[in-house]
Amino acid sequence: MASSSEDPVLERYFKGHKAAITSVDFSPNGKQLATASWDTFLMLWNLKPNTRAYRYVGHKDVVTSVQFSPHGNLLASASRDRTVRLWIPDKKGKSSEFKAHTAPVRSVDFSADGQFLVTASEDKSIKVWNMYRQRFLYSLYRHTHWVRCARFSPDGRLIVSCSEDKTVKIWDTTSKQCVNNFSDSVGFANYVNFNPSGTCVASAGSDHTVKIWDIRVNKLLQHYQVHSCGVNCLSFHPSGNYLISASSDGTLKILDLLEGRLIYTLQGHTGPVLTVSFSKGGELFASGGADTQILLWRTNFNELHSKDPNKRNLKRLHFESSPHLLDIYPRSPHPHERKTETVEINPKLDVSNMQISSPPVVDILSFDSTTMTGSTGRALPDKGEDICGYFVNPSLLPPECSAAAMKKKPEDMSELPSESQRSVPLAVADALEHIMEQLNVLTQTVSILEQRLTLTEDKLKDCLENQQKLFRVIHHKS
């Protein structure tokens, strides 16, 4: 089929990361885009043209997930360095570091009210954190292999998780128990999420499939087989009528959940596509992949298809029973193979003047971060603090800061540590942290050995006493 004005259009490329893009998320107001990468950095892009981007430095390994808080005042990130960080997405880039997982952390997700954060890790656990007090709350243990993703339901009462143990589990946040379990004998899910109404979950499978489950009746509703490689990520349109998936086959697929069919195949990335996300209003979506590029797309079909969804839903109504899943999804499971009537869009074939954004990048080093492992509080930045002191390189300061910095006295300027001055303390701190971890392990080992030695001594003492008693009895009888 030929493309039309109602089809998705690639608007911009963003270039700045040096390695594969692992996660993308739009700010609630739709004006910014946060991205995470294998290059260990977070980046914050302004969608307004010709504005600088910010690169946040702090994680020591691959950043696997990033998400804005519902109010947009915080950014959460997960990393293979086993930590979770909370960032203030501004020019200071202050962050708090959460340490509780004992293996790489794969995902972060805020509850809809912003009060809680859920994290998933290769230590086979899911952890929930209180954002108001910024402390760890509880862990969920039932998975038997690495947990790849965990997400809150829209009302915050449930959590869905997926693991390499080939299960998708539903958890009750009140009872902290697993209340539902979906198993798959073929492959495991790389990513899961609730639909906007919270009535079902979708999974992106390593077996090349996208599956949608009704969590109220434990039923597989839709099973799409439209990709030729593993599916890495998916995102529901805010209307709940569409779903977009990203795959290692190098494509994005847009599914019409009302009609139960594939409607668009988007090609723009070179190599695997690892992440995709709709904006909060659904008018845009962004994708990232192994080619280190972030692509920004305009939805377009959103306006036409969502004008009167009720008219579209009439043919889905079943009057012999109560409404099911808001009368939008097919009632029975049925696989969906490739359809010839889908539209394939390859922006590389267009001759239009594509806007490639490689804005000036400001490096922000989170050298003043605090560590959270328990119920420790965290001070928020004062409004009066000087924002210029938190940039890695003074030459990258924005104009207003550059002018202020140049007016400072020499002794004031000396307070800003240089790159070489900072790198040594960071390296030393890292080494000391590693030494402290090893000392903790040694201390615990010595403590265990002492306990065992004490038990052995007690048993030996008992044996000697019993032996003496036995000798006395024998001697007395003789």
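Buried means under 20% relative accessible area, exposed means over 50%, and partly exposed lies in between (1.4 Å probe, protein chains only). By that scale Arg80 is partly exposed, at a relative accessible area of 30%. The model is predicted: local features need pLDDT of at least 70, side-chain atom pairs count only at pLDDT 80 or more, and totals for chains, interfaces and linings use all residues. Residues are numbered from 1 along each chain as its sequence is written, and side-chain values use heavy atoms, with hydrogens and water left out.

- Strands (E, at least two residues) and helices (H or I, at least four) are DSSP runs, numbered from the N terminus.
- E3 spans residues 32–37 and is mostly covered, with six of its six residues buried.
- Gln32, Ala34 and Ala36 point one way from E3. Leu33, Thr35 and Ser37 point the other way. Both sets are buried.
- Two strands pair if DSSP finds at least two bridges between them.
- Strand E2 (residues 21–26) runs antiparallel to E3, joined by five bridges. Ile21 stands opposite Ser37 of E3.
- On the other pairing, five bridges join E3 to strand E4 (residues 42–46), again antiparallel. Leu42 in E4 is the bridge partner of Ala36.

**Hairpin turns**

- The hairpin of E2 and E3 has five residues between the strands. In this hairpin, Gly30 takes a positive phi near 75°.
- The hairpin of E3 and E4 has four residues between the strands. Here Thr40 takes a positive phi near 80°.

- A salt bridge is a side-chain nitrogen of Lys or Arg within 4 Å of a carboxyl oxygen of Asp or Glu. The structure holds eleven.
- Among them is the pair Arg80 and Glu122, at 3.1 Å from N to O. Arg80 lies in the loop between strand E7 (75–79) and strand E8 (83–87), and Glu122 in the loop between strand E11 (116–121) and strand E12 (125–130), so the pair ties together parts that are 42 residues apart in sequence.
- Glu122 counts as buried, at 8% relative accessibility.
- Arg80, Arg106 and Glu122 are linked in a network of salt bridges.
- Arg106 sits in strand E10 (residues 105–110). Arg106 is buried, with a relative accessible area of 18%.
- Contact means heavy atoms within 4.5 Å. Leaving aside residues up to four places away in sequence, Arg106 touches Thr64, Ser65, Ala78, Ala120, Ser121, Glu122, Trp146, Val147 and Arg148.

**Salt bridges: two further pairs**

- Glu164 forms a salt bridge with Arg148, the closest N and O atoms being 2.8 Å apart. Glu164 lies in the loop between strand E15 (158–163) and strand E16 (167–172), and Arg148 in strand E14 (residues 147–152), so this pair ties together parts that are 16 residues apart in sequence.
- Glu164 is buried, with a relative accessible area of 17%. Arg148 also counts as buried, at 19% relative accessibility.
- Arg157 and Asp155 meet through their side chains in a salt bridge of 2.9 Å, N to O.
- Arg157 counts as exposed at 56% relative accessibility, while Asp155 counts as partly exposed at 46%.
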